[in-house]
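I am opening a notebook on a structure that is new to me.

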Amino acid sequence: HPLESGVPPGLVDAGQEHPSNNGQGHSADGSRRLRGTSPADSLQSPNRGRSLAAFISQMDTRTHDVVTLLIRFDDAAPTRTLAAQKTLQFRTDADSMYHRMNRISYGKVKYLDGNAYEVLIPRSITFNGLGCDYSVWANDADSIFQAATGISASSYRYRMYHIPPGNTCNWIARGSLCSGGCGSGRSWYVAFPNGGGSDWTSRTDTHLHELGHNAGMHHAGVGTNEYADTSCLMGYASTAMKGFNPPHQWYLGFYKDQTYTMEESVTSSALLTIHSVTRYVPGDNKVHIVEVVPSSGAIGTWTGNLFIGFMRQEDFQSGTTYGNKVTISQWDIPTSSTRITWHVAALAANQEFTEGSFSVKVNSIDLAAGSAEVFISFIADQCPDDPNKLEPGFCGCNFPETDSDNDGTPDCVDNCDNDAGKTEPGVCGCGVADTDSDNDGTP
């Protein structure tokens, strides 16, 4: 059976198109119910403003309309009323898909309850013997919805289908993965898959995971497990409060005005203060996400770019796996066909990640400020225990190259470190010139 922290929440699949039936009716409790009875007609509604976005950073400053279709069969009913489902998904005073995404995006994305219906497909959930026939059910639901309302379900950016208990599905949820222009899609959620597990139609983390696929995000993995980055909504499902990892934060574009791009061909090293996205304030000129771009297209075994962020454990990241640590993730974007992000490291204060000549050092973490001071370098680190130096220099590791008199010679080897004209006392001593007016060799 599905486990909350051990089952992939989404098996990415766009599905197939099949013929379907339609019709309408009303439920006994007064909620809107649509009933399928005859072949679909060709009624179409205006497009409702649906737009496809560019591949990168295009979810911001938009309202996303959603249609939710609770599927009912003659022998299988939804787990809650339509009104209860709408409250669960769109309430603004508690954790819901509306509230959490609105908080993560700082108001840039709002899932609008465009419409919600209970749809009755007039047959048994197992009538055709094909098992979990989710794509057929979705197409049936779309046709029934259109026949009843005159609106094409595909005119909504997002279509969410809720599958009732009594199913034989061996997965918990799935969503169509957008590739290219993103901004719409279908997703399915299963109540008690194959008679066990949980009611996944009720889970905010599952809703946002599958809507993430619709927006163009793939899974978030660790090692060889593409779901194992549990700091991110695109990893395994869990009830822990969490948002997205740094590469997905970068992709969504919510904080793009405060993203620092470090290109190896331009900058060999940088000392940065990275602030948690939970402390984001538009226009405050603080760095929240660092994108590292290697000249060769790879950093050691990691192909593509690295993304660095600080995961302050609070607010919408209060349950994140790598709380209060600097996280490093890899994303081979946009050349990768899968676009899975991979967790590389999570660093506490005074810890370092190295890969060949590349290194990331966490000098300090300030929980009160929600930030971490991080030194990033493409230069081989010859002083791994010194957070301020990459090579010994004149003074050696753990000793600063201070030059008090600015004469080009560090104090550690300057015997007149406050005399810019001398590096040795000579006959007259520091601060006094060894002037020899008659040139007889004696100052």
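**Entry 1: the whole chain**

I began with burial, and 52% of the 443 residues of the protein count as buried, where buried means under 20% relative accessible area, exposed over 50% and partly exposed in between, with a 1.4 Å probe and protein chains only. I noted that this is a predicted model, in which local features need pLDDT of at least 70 and side-chain atom pairs count only at pLDDT 80 or more, while totals for chains, interfaces and linings use all residues. Residues are numbered from 1 along each chain as its sequence is written, and side-chain values use heavy atoms, with hydrogens and water left out.

I then looked up the secondary structure, which comes to five helices and 21 strands; helices (H or I, at least four residues) and strands (E, at least two) are DSSP runs, numbered from the N terminus. Of the contacts in the protein with a separation of 6 or more, 62% come from residues 24 or more positions apart, a contact being heavy atoms within 4.5 Å.

**Entry 2: the cores**

Next I looked for nonpolar cores, each a set of buried Ala, Val, Leu, Ile, Met, Phe, Trp, Tyr and Cys residues joined through side-chain atoms within 4.5 Å. The largest has 35 residues, and Met 97, Tyr 111, Phe 244 and Tyr 255 touch the most other members. The elements that give two or more residues to this core are α2 (97–104), β6 (109–121), β7 (158–163), α4 (204–214) and α5 (246–252), and α2 gives the most, with four residues. I also recorded a second, separate core of 25 residues, which includes Val 67, Ile 125, Trp 137 and Ala 141.

**Entry 3: α2 against α4**

How do α2 and α4 pack, by angle and by distance between their axes? I found an angle of about 60°, with the axes 9 Å apart.

**Entry 4: Tyr 255**

Finally I turned to Tyr 255, whose place is in the loop between α5 and β11 (259–263). Is Tyr 255 buried or exposed? Tyr 255 is buried, with a relative accessible area of 1%. Leaving aside its neighbours within four places in sequence, Tyr 255 is in contact with Ile 104, Tyr 106, Gln 249, Val 277, Tyr 280, Ile 289 and Phe 316. I also noted that Tyr 255 and Val 287, 32 residues apart in sequence, are 9.2 Å apart in space, C-alpha to C-alpha.

How values were computed. Axes fitted to C-alpha atoms, helices over the stretch in contact; angles between N-to-C directions.
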